[in-house]
Amino acid sequence: MGFHPKQENSVSDLEDSLASLSERIITCRRCPRLVSWREAVAEKKKRAYKDWEYWGKPVPGFGDPHARIFVVGLAPGAHGANRTGRNFTGDASGDFLYAALYRAGFANQPLSHHREDGLQLNDLYIAAAVRCAPPDNKPTPQEIAACHPYLEEEIGLLRPHLQGFVALGRIAFDWLLAWYRQQGVSSNHLVFQHAAFYQPDVNLPWLLASYHPSRQNTQTGRLTPAMFDRIWEMARSMLQE
């Protein structure tokens with residue numbers, strides 16, 4: 001077979017670039033309201049997690065650096081990712097998401113409670129439109145704009161392998177519509193609804209929309225396990241070797 005140093009270096013370069021970006025995200029203090037909120041939550045804590053040392057910082061992306069699917073969420077949960085430091089880890093939304101990813105073969109285990117619990121994603125990378133936990137889970141348009149370059153850079157780093165996006169919720173969907181417009185593709189005709197699938201341009205990743213796995217959606221039955229399983233079945237069926 002022979003040795004291919006260029007390929008080895010490219011893998012190392014990608015991982016180094018993602019690590020460097022993660023460090024810049026973690027140290028970000030661009031949004032005073034979010035900085036104040038996330039740190040206050042980390043100091044006060046929730047009674048159930050009073051013995052935890054909260055993360056209390058922006059949360060970088062996580063997953064397979066050679067993923068073909070890029071999942072975009074909203075923002076860290078106040079006592080989920082803001083506590084654990086990893087997207088969808090340690091709260092009900094994460095329990096619902098990772099169980100579905102495990103059933104679909106994208107995750108090696110159905111639960112994720114902390115950063116060192118052994119969770120690995122296969123062919124999937126997860127990031128959020130906003131990297132700090134926002135009050136009432138409602139970031140402002142200015143805060144979304146301030147975070148925009150981070151997600152844009154992550155997508156750029158993963159583009160060589162990337163085939164599609166899964167948008168978890170309306171804010172993530174709207175962020176991706178803006179991204180398509182930046183690539184010169186009209187997205188005005190794309191409408192958010194669960195399991196909506198779009199291919200805005202044959203030269204760009206496709207887009208699959210899903211309701212967000214928030215407790216508000218899952219506990220009311222707006223998003224059921226069967227509905228969520230369909231999303232990941234659709235995503236896998238669209239992958240090309």
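Helices here are DSSP runs of H or I with at least four residues, strands are runs of E with at least two, and both are numbered from the N terminus. What you're looking at is a predicted model, where local features need pLDDT of at least 70, side-chain atom pairs count only at pLDDT 80 or more, and totals for chains, interfaces and linings use all residues. Residues are numbered from 1 along each chain as its sequence is written, and side-chain values use heavy atoms, with hydrogens and water left out.

Let's start with two loop residues. D123 sits in the loop between α4 and β3 (124-128), and its phi is near 70 degrees, a positive value in a residue other than glycine.

Follow the chain past β3 and you reach D136, in the loop between β3 and α5 (141-158). D136 isn't a glycine either, yet its phi is positive, at about 60 degrees. Buried or exposed, this one? D136 is exposed, with a relative accessible area of 67%, where exposed means over 50%.

Now for the pockets. A pocket is an open set of points on a 1 Å grid over the protein atoms alone, where a 1.4 Å probe fits and protein lies on both sides within 12 Å along at least five of seven lines; lining residues have an atom within 4 Å of a point. Points are joined across faces, edges and corners, and the volume is the space filled by probe spheres set on them.

The largest pocket has a volume of about 830 Å³. Its lining runs to 31 residues, and S93, N137, H212, S214 and R215 lie nearest the centre. Three helices, α4 (92-104), α6 (170-182) and α7 (215-218), each supply at least two lining residues, with α7 giving the largest share, three. By class, the lining of this pocket has 11 nonpolar, 14 polar and six charged residues; Ala, Val, Leu, Ile, Met, Phe, Trp, Tyr, Cys and Pro count as nonpolar, Asp, Glu, Lys and Arg as charged, and the others, Gly among them, as polar.

The second largest pocket holds about 340 Å³ of space. Look for S22, G61, F62, G63 and Y125 nearest its centre, among 17 lining residues. Both α1 (5-26) and β1 (62-63) supply at least two residues of that lining, and α1 has the largest share with six. This lining divides into eight nonpolar, five polar and four charged residues.

Note on methods:
Buried means under 20% relative accessible area, exposed over 50%, partly exposed in between (1.4 Å probe, protein chains only).
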